[in-house]
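My notes are below the entry.

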There are 4 protein chains.
Amino acid sequence: MTEASRPLRKDAVRNRALLVQAARDVFAERGLEASMDDVAHRAGLGVGTAYRHFANKYELALAILAEAIERVYQLVDDAVANPDPWAGLVSFVEGTAEMQSADRGLREVLMGVHDAEQMEQVHDRLSGPLRELVDRAKAAGAVRADVESTDIGIVVTMLCTVADVTGDASSDLWRRYLPMMLDGLRQGAEPSVPALSEDMLRKSMSTHKQRLARLSQRG
Amino acid sequence: MTEASRPLRKDAVRNRALLVQAARDVFAERGLEASMDDVAHRAGLGVGTAYRHFANKYELALAILAEAIERVYQLVDDAVANPDPWAGLVSFVEGTAEMQSADRGLREVLMGVHDAEQMEQVHDRLSGPLRELVDRAKAAGAVRADVESTDIGIVVTMLCTVADVTGDASSDLWRRYLPMMLDGLRQGAEPSVPALSEDMLRKSMSTHKQRLARLSQRG
Amino acid sequence: MTEASRPLRKDAVRNRALLVQAARDVFAERGLEASMDDVAHRAGLGVGTAYRHFANKYELALAILAEAIERVYQLVDDAVANPDPWAGLVSFVEGTAEMQSADRGLREVLMGVHDAEQMEQVHDRLSGPLRELVDRAKAAGAVRADVESTDIGIVVTMLCTVADVTGDASSDLWRRYLPMMLDGLRQGAEPSVPALSEDMLRKSMSTHKQRLARLSQRG
Amino acid sequence: MTEASRPLRKDAVRNRALLVQAARDVFAERGLEASMDDVAHRAGLGVGTAYRHFANKYELALAILAEAIERVYQLVDDAVANPDPWAGLVSFVEGTAEMQSADRGLREVLMGVHDAEQMEQVHDRLSGPLRELVDRAKAAGAVRADVESTDIGIVVTMLCTVADVTGDASSDLWRRYLPMMLDGLRQGAEPSVPALSEDMLRKSMSTHKQRLARLSQRG
DNA sequence: TATGAATGAGAGTTCATTCAT
DNA sequence: AATGAATGAACTCTCATTCAT
């Protein structure tokens, strides 16, 4: 009560962590269609407890997302801090792809169901560093002139898809395509289609609002 | 009665086609979570009729898959028939990516839910032509020596993912990455990870059997 | 399909009636807090069937209300048709009180949970006849000059309350207070508080929109 | 420890009072469906504390009832003390109606959920004074000969119902009907139905035992 | 003793699938 | 054979009540 926003009791903290971990596991295995009951029981808790910590299933997904996002922020900051822009770019792509490749739930959260507001926050937080990174890489001649900062996220997504195809077998296969993608950014043939504008990226986010709404209502 | 396995009556054939078409439309719009009722009514029929033709929702999805597969077979045959192996390869990648980019339901069917048996059939049908195509392209110096036939399908999948990210906005964005991928196959830096072996591909299929079972029960 | 708005199948019609009857019984016994499951099973049907016929619990309540309203319309028309306005008024009050006294669910629907729109319809349909009835009764000297048409509904409600107090015992006790109320309209002491204006009545309806919304969402 | 049944510690007394007050407020606003959490937090306490003082939600409702009953006892005693029995009767009716009109929760407790035992106590406590009051009023010619003491409570209830109909709008409308009811007791047309016997009143109480049980379990 | 986290039964609602018409 | 009504399991979410801190 003295602390701002009430420091949860010790066991409550533990249970919240258990829930997030359980959600990560269950969602990773079966995707977001897994039920709250499943998540709660995997955590060894009752459903009610899950709902005490997260207003609904979507909020739980967001909590996972939030953790992932923190890691992504860290990666982009590290990348920008790298004096070699190309090395920075590579480390960002590789790092984020690595994160998602192992976690189907995270991929679903990141790709399918976006909290438009939070997504814009993420976008705003990432777009600056990414643009800087790409611009510096262009200036250094490490990246083609027509590459845009929005390409980076899409390249990562494409890499992560590989994990969806192969399931748990060959969970590292995406690395096979990493050099291919990086090379594409560096010196590949000129693309005939323009990159996704940031404006369009924003628009596409709102496309997902419907799915979001649906998820928030019912399963 | 005179016929061995009595061909479906004319209107039954028509209804089956109506259902598949409706399913394609509805699934393309809203994904596989659309209900059987919706599909049936889009076809102007009752649910019962849908179940007369397809044992369950999954079977209906497979029927769509079957049509798509037919088109893929056509594409691979055309590609093989092309005297220029590289041109053939390009046309195959482009053609299959085009097919899926516009159809969310098809992507979901292809990626998320595999009928292991049918999948193996498809694999067996495609692997020969694809291997021939890739080998000839290698021989012609159009493709790097370490490219495998299994890479082709994965490249297509990666391209299709772009459509998932952008939703309806920029439905053609995947084309931006087409040259990048093609270039990766042709001359990109050497990949440090070996391609997915056909054996592994087979194994990864069975990974999806669980999802399959779940879909067949509920949702 | 030829008929406008599809004539329900014979058994569907029967089940709908069973549901309405069951709802009337269950709501009469335990009020609107009874569950849909209870209603459905009382009707010998599954919950799903209840939801096929009524979008939600509130719609089911409205169906009961609709029947009751029809009877009320009949009563008011009969009352207006009576050449003796006082006799008409008495028959209306007595008739409507009789209807509700036996049915707790109906009382709850009528009093607690109003579909604002339908309620206004009812109001609009009743206010004319009631005003005419009251005016003619005043002209005939059968009713005090300060009685308003809105008083009638309230008098009925007050009578019905008696049933709430006594429960199933003495279900006719309300009749004891009927002459008292009628006499109050006819010659009682002058009231010091003005009647509810129709405007206010309308406003008070909207007060119930919240309860309505709540019922429609969750129990 | 020296005391026989150790009086509650001072803050325990204070908390109990806070809870009752909060319950009165919350129930008055939203009715008995308000949650224990809401009540506890309105009181600035945790739910657990609420359950330390009251075994369940119903007991809390009874505590409110108890307070109200105290006020009713006061009113009836004042009424009896009034040398003018009619004036006493009027003050009792008006006073009790006033109490309930403003408090939806109290109405619900009084009407919907009766603790049969406590109710009988109340009945036993009130019936004597009321009977005396009515008898003296009859003797003074202020009340019709066929009025019974049980009529008084019912008249009050009928008046309170008006508040249910109008919601927060016109919270004083019941006063419009007060003279009408009083006049009915004094000189209205002879009722054709006999009053509720005290015996029957007792019986009707038990009708509510079921509802009571339900509340004590859930909702 | 006070707190509020945990629990789990139960309510409303949906939808794949079955079956009577 | 076609229809759409019926079914019931599953899902999300709430809240009275219990219990560990």
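**Conventions.** I am working with a predicted model, where local features need pLDDT of at least 70, side-chain atom pairs count only at pLDDT 80 or more, and totals for chains, interfaces and linings use all residues. Residues are numbered from 1 along each chain as its sequence is written, and chains are lettered from A and ligands numbered from 1 in the order in which they are written.

**Chain A, overall.** I looked up the secondary structure and got 11 helices and 0 strands. Helices (H or I, at least four residues) and strands (E, at least two) are DSSP runs, numbered from the N terminus. The order along the sequence reads α-α-α-α-α-α-α-α-α-α-α. Chain A has 219 residues, and 41% of them count as buried. Buried means 20 or more other C-beta atoms within 10 Å of the residue's own, with C-beta atoms placed from the backbone. I then took the contacts between residues at least 6 apart in sequence: 66% join residues at least 24 apart. A contact needs C-beta atoms, placed from the backbone, within 7 Å.

**Domains of chain A.** Domain 1 covers 1–54 and domain 2 covers 57–217. These bounds come from an automatic or database domain assignment. Their contact takes 10 residues from domain 1 and 11 residues from domain 2. On the domain 1 side, α1 (10–30) and α2 (36–42) each supply at least two residues. α1(A) gives the most, with 5 residues. By class, I get 8 nonpolar, 1 polar and 1 charged residues on that side. Nonpolar is Ala, Val, Leu, Ile, Met, Phe, Trp, Tyr, Cys and Pro; charged is Asp, Glu, Lys and Arg; the others, Gly among them, are polar.

**α1(A).** This helix has 21 residues and reaches 30 Å from first C-alpha to last, close to the 30 Å expected at 1.5 Å a residue. The expected span is 1.5 Å times one less than the number of residues. Its buried residues include N15(A), R24(A) and F27(A). G31(A) follows the helix, with a positive phi near 80°.

**α1 and α4 of chain B.** How do I describe two packed helices? By the angle between their axes and the distance between the axes. The axes of α1(B) (10–30) and α4(B) (57–81) come within 10 Å and cross at roughly 95°. The two helices are therefore roughly perpendicular (65 to 115 degrees). L19(B), V20(B), A23(B), R24(B) and F27(B) of α1(B) make the contact with L60(B), A63(B), I64(B) and E67(B) of α4(B). I count 7 nonpolar, no polar and 2 charged residues there.

Key
Contact = placed C-beta atoms within 7 Å. Buried ≥ 20, exposed ≤ 12 C-beta atoms within 10 Å, placed from the backbone. Axes fitted to C-alpha atoms, helices over the stretch in contact; angles between N-to-C directions. Parallel < 35°, antiparallel > 145°, perpendicular 65-115°, else oblique.
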